[in-house]
Amino acid sequence: MKNRLVLVTGGTGYIGSHTAVELMNEGFDVVIVDNLSNSEKSVLDGITAITGRRAFFEQFDICDKERLRDFFKVYKKLDAIIHFAAYKAVGESVEKPLMYYQNNLTTLMNLFEGMVEFKVPYFVFSSSATVYGQPDILPVTERAPFKPADSPYGNTKQIAEEIMRDAVNANKDLHAISLRYFNPIGAHPSALIGELPRGVPNNLVPFITQTAIGIRDELKVFGDDYNTPDGTAIRDYINVVDLAKAHVVSIQRMIEGKSKSNLEIFNLGTGKGSSVMEIVNAFEKSTGEKLKFKIVGRRAGDVESVYADTKYANEELGWKAKVDLEETLLSAWNWEKYVRNKKRSRLKTN
Ligand code: NAD
Ligand code: UFG
């Protein structure tokens, strides 16, 4: 879509950067706001190298309401907002709950206040499958009830959806779509952007690629005594570029007036569950690398099995995940190699 400007908050982060690329590929103009608390400015170069265009970039904290108002005054013609900016480490949220409630909810409320004041009609939110906890029925549909949140992080996503519901009910000009991500993995096929975890990764796939490249000694597989075919826990791993495309489709849907209600909710997954050991095997198969791993006890707070019912997203949103698991794991591996080579050549030149 030409001449449409989208604000991407958290756009130098993992999912935001891939979404900025897909938006720009579809002709949207993009302005990124990020405080770089969990990303690097050089990501903008990766986006430019892929798309041949430069996103606008403003570095500030969206919790700063006055700074955000100034931003809205400058970028007067915003058509939509995609809100990725948040803290996302589940374990950290247990230790620092107030930091999570503060950041994840203040940013959301500040943005909604700005949308009302400056008349920005459309909003897409990064929600999470974590809102379902361990669902009673699998695959899980959007109608499944919330389970009590396992962590303050998970709770911020549940509360955020309630805030959005109340905000759109009170402002009939606003439309929002909440996208519940399952487990986003992989990187752009160019290997120019990808996930950049700080410190020891919590998530499975970055831990696998860092182990394969020699930064970590071995992968710890958390539990092989679950009630699953091979005993390891099951998740729905979705390619990050496929995930990014769903955001573009969501914006187009609202602009074209296709929304069925002011707040719509869609699961973003593949519909297929994979166990931890299946991921390890698929990684070895697609990359030819041998992975050192050890089975250890379960990780606190982990659910046994969760994967998406994708029917509603496929049929109503008109979006479907396409890239298969092996190709996705290979993209994560290519990105890991690219990052390490870049670090090595930086060290050599210093
Ligand atoms: P990320 O940390 O890579 O990206 C988030 C970006 O937001 C970072 O660049 C960070 O610097 C920025 N940011 C954080 N707080 C900010 C603030 N107050 N002001 C401005 N910028 C701020 O994370 P991601 O993996 O890309 O996740 C994006 C969104 O998707 C988050 O809301 C996350 O909760 C949600 N989500 C992620 C996953 C996942 O597995 N990655 C799963 C479900 C939901
Ligand atoms: N796992 C290991 N070893 C590791 C890391 C993970 O065995 O070193 C296992 C976990 O126990 C789990 C699976 O791999 O069974 C996936 O774990 P991740 O940490 O990659 O992902 P989670 O499903 O725990 O959580 C992720 C995001 C959350 C989000 C959720 C949505 O981190 O933010 O997906 O489903 F809410």
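Helices (DSSP runs of H or I, at least four residues) and strands (runs of E, at least two) are numbered here from the N terminus. Helix H1 runs over residues 14-25, and H1 is followed by Gly27, whose phi is positive, near 95°.

Before going further, a word on where the values come from. This is a predicted model, in which local features need pLDDT of at least 70 and side-chain atom pairs count only at pLDDT 80 or more, while totals for chains, interfaces and linings use all residues. Residues are numbered from 1 along each chain as its sequence is written, chains are lettered from A and ligands numbered from 1 in the order in which they are written, and side-chain values use heavy atoms, with hydrogens and water left out.

**The chain as a whole**

The chain holds 11 helices and 13 strands. Its radius of gyration, taken over C-alpha atoms, is 20 Å, which agrees with the value near 20 Å for a compact globule of 350 residues; that rule is 2.2 Å times the number of residues to the power 0.38. Along the principal axes, the C-alpha atoms fill a box of roughly 55 × 55 × 40 Å.

Buried residues (under 20% relative accessible area; exposed means over 50%, partly exposed in between, with a 1.4 Å probe and protein chains only) make up 52% of the 350 residues. A contact means heavy atoms within 4.5 Å. Among contacts between residues at least 6 apart in sequence, 80% join residues at least 24 apart. As for charge, there are 45 positive and 45 negative side chains, with the centres of the two sets 4 Å apart. Lys and Arg count as positive and Asp and Glu as negative, leaving out His and the chain ends, and each charge is placed at NZ of Lys, CZ of Arg, CG of Asp or CD of Glu.

**Two helices, H1 and H6**

The expected span of a helix is 1.5 Å times one less than its number of residues. For both helices below, the expected span agrees with the distance between the end C-alpha atoms.

H1 is mostly covered, with 11 of its 12 residues buried. Among them are His18, Glu22 and Met24. In H6, the buried residues include Tyr153, Lys157, Glu161 and Met164. What covers the buried residues of H6 includes helices H4 (90-95) and H5 (97-118) and strands E5 (122-128), E6 (175-181) and E11 (263-268).

**Backbone details in the loops**

The loop between E5 and H6 holds Pro139, which a cis peptide bond joins to Leu138, with omega about -5°.

Leu36 sits in the loop between strand E2 (29-33) and helix H2 (43-51). Its phi is positive, near 60°, although Leu36 is a residue other than glycine. Leu36 counts as buried because its relative accessibility is 18%. Lys119, in the loop between H5 and E5, is not a glycine either and has a positive phi of about 55°. Lys119 is exposed, with a relative accessible area of 70%.

**Phe283 and its surroundings**

Phe283 belongs to helix H9 (residues 276-287) and counts as buried, at 1% relative accessibility. Leaving aside residues up to four places away in sequence, Phe283 touches Ile208, Thr209, Ala212, Gly288, Glu289, Leu291, Leu329 and Trp333. Val30 is 253 residues from Phe283 along the chain, and their C-alpha atoms are separated by 34 Å.
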